[in-house]
Amino acid sequence: MRIGLLLYPDCMPAGLFAFADLLHAANRRSGRQLFEAIYVAQHAGPVPCAHGMSLQAGAALNPRELDALLIPGFWAESAEQAEAVLSGNAALIKALSSIGKRVQLWSYCTGVGLLAASGRLHGQAATVTWWLADTMRERFGRVRWQSESSCVFALGVATASGVNGYLPIAQGVIERHLSEQAFRDICQLMVLPRPAVPHSAFQSASLMQQPVGLLRRLHALIEQTPAEQLTVQMLADQLAMSERTLARKVSTQTGEPVASYARRIKLYQLSERLAMTSSPLSTLSAELGFSSPANLRRMFKALTGLTPAQYRQQYGRQ
């Protein structure tokens, strides 16, 4: 798989370095050349990156020679600065919009804004760095934003939040093309960042923290399903097992019933949106598929001891 690591003016390349190291480690782990990473830009040659660093793009951006393209974030401290960078990269956005769907496009941190501007996220689920969530929702209304998720893989695209967003993208790629065990082996040998969970009710509630196998598949299914459509029978059917088998396995691994586990995951999604956006509870309730804001408020307080408003005040990222 040939993966382009995109350089552009004022981009932050540290994540590209780390991503390339992970691919190299995956090649060593497999004993064969599964991945080839090359630095590309609109034009081959030196590219002025963030903080005065200049890096060399070995090749011009040519979609015919790539299977995937990783778009890093850029330095910005406000939504206004991010808007200015997007406006100043019209030529790059046009180039991205012309890339056919054969090439997978991945992005993280503020770079997701470039991908959204290209149109490739229209109609797709995507995530973005928390402080840009409201701006992205307003500017790119055709994207199904899931800002509570750390990483979202959709059809031909992947997006991740934060400056370390390259990590869950690399994890998904390595696990898909090599194995989950291989990625675990790589994690044991490399120092990798880990996300923090702010409230004790949501310990181990993020997809990144799930062990491989059933819980990860179940967790992803719960996240993607509207709350009112979640039933034990539906989950069991989707996972090709009986309700009894699913209940037994979930209880063994989590110590709680399937319905309770599913409810906690959906409320974790709400907690992240409360912390990362200013959207009203009624909007978040509809996005997550709950029957009513009042019912959602009641369940959330029963789990956390806080109303959604109190949670946002205490854990919201200002």
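**Exercise 1.** How many residues does helix 10 have, and what distance does helix 10 reach from its first C-alpha to its last?

*Solution.* Begin with the ground rules. The model is predicted, so local features need pLDDT of at least 70 and side-chain atom pairs count only at pLDDT 80 or more, while totals for chains, interfaces and linings use all residues. Residues are numbered from 1 along each chain as its sequence is written, and side-chain values use heavy atoms, with hydrogens and water left out.

Step 1. Helices (H or I, at least four residues) and strands (E, at least two) are DSSP runs, numbered from the N terminus. Helix 10 covers residues 243–254, which gives 12 residues.

Step 2. The expected span of a helix is 1.5 Å times one less than its number of residues. Helix 10 reaches 16 Å from first C-alpha to last, close to the expected 16 Å.

Step 3. Look just past the end of helix 10: glycine 255 has a positive phi of about 80°.

**Exercise 2.** Describe the protein chain as a whole by its elements, its radius of gyration and its buried share.

*Solution.* Step 1. The chain holds 14 helices and 11 strands.

Step 1. The radius of gyration is taken over C-alpha atoms, and the globule rule is 2.2 Å times the number of residues to the power 0.38. For 318 residues the rule gives 20 Å; the chain's value is 20 Å, close to it, so the chain is as compact as a globular protein of that length. Along the principal axes, the C-alpha atoms fill a box of roughly 55 × 45 × 35 Å.

Step 2. Buried means under 20% relative accessible area, exposed over 50%, and partly exposed in between (1.4 Å probe, protein chains only). Of the 318 residues, 52% are buried.

Step 3. Contact means heavy atoms within 4.5 Å. Among contacts with a separation of 6 or more, 64% join residues 24 or more positions apart.

**Exercise 3.** Where does threonine 110 lie, and which residues is it in contact with, leaving aside neighbours within four places in sequence?

*Solution.* Step 1. Threonine 110 sits in the loop between strand 7 (104–108) and helix 4 (112–118).

Step 1. Its relative accessible area is 1%, so threonine 110 is buried.

Step 2. With those neighbours left aside, threonine 110 touches Gly73, Phe74, Thr129, Trp131 and Leu132. A polar atom of its side chain lies 2.7 Å from the backbone nitrogen of phenylalanine 74.

Step 3. Cysteine 109 is in the loop between strand 7 and helix 4. Cysteine 109 has a positive phi of about 55° although it is not a glycine, and at 6% relative accessibility it is buried.

**Exercise 4.** Is alanine 240 buried or exposed?

*Solution.* Step 1. Find alanine 240 in the loop between helix 9 (232–238) and helix 10.

Step 1. Its relative accessibility is 70%, so alanine 240 counts as exposed.

Step 2. Its phi is near 60°, a positive value in a residue other than glycine.

**Exercise 5.** How many aromatic pairs are there?

*Solution.* Step 1. Rings of Phe, Tyr and Trp (its six-membered ring) pair if their centres lie within 6.5 Å; planes under 30 degrees apart count as stacked, over 60 as edge-to-face and the rest as tilted. The count by this rule is eight.

Step 1. One of the pairs joins phenylalanine 19 and tryptophan 106, with 6.2 Å centre to centre and 55° between the planes, and is tilted. Phenylalanine 19 belongs to helix 1 (residues 14–30) and tryptophan 106 to strand 7, so the pair ties together parts 87 residues apart in sequence. Phenylalanine 19 and tryptophan 106 are buried.

Step 2. Tyrosine 108 and tyrosine 166 have ring centres 6.2 Å apart and planes at 75°, so this pair is edge-to-face. Tyrosine 108 is in strand 7 and tyrosine 166 in helix 6 (residues 166–177), so parts 58 residues apart in sequence are tied together.

**Exercise 6.** Why is helix 8 (residues 214–224) described as largely enclosed by the rest of the structure?

*Solution.* Step 1. Eight of its 11 residues are buried, so helix 8 is largely enclosed.

Step 1. Those buried residues are Leu214, Leu215, Arg216, Leu218, His219, Leu221, Ile222 and Glu223.

Step 2. The buried residues of helix 8 pack against helix 6, helix 9, helix 10 and helix 11 (258–276).

Technical notes:
Polar contact = N/O pair within 3.5 Å; in protein donor to acceptor, adjacent residues only side chain to side chain.
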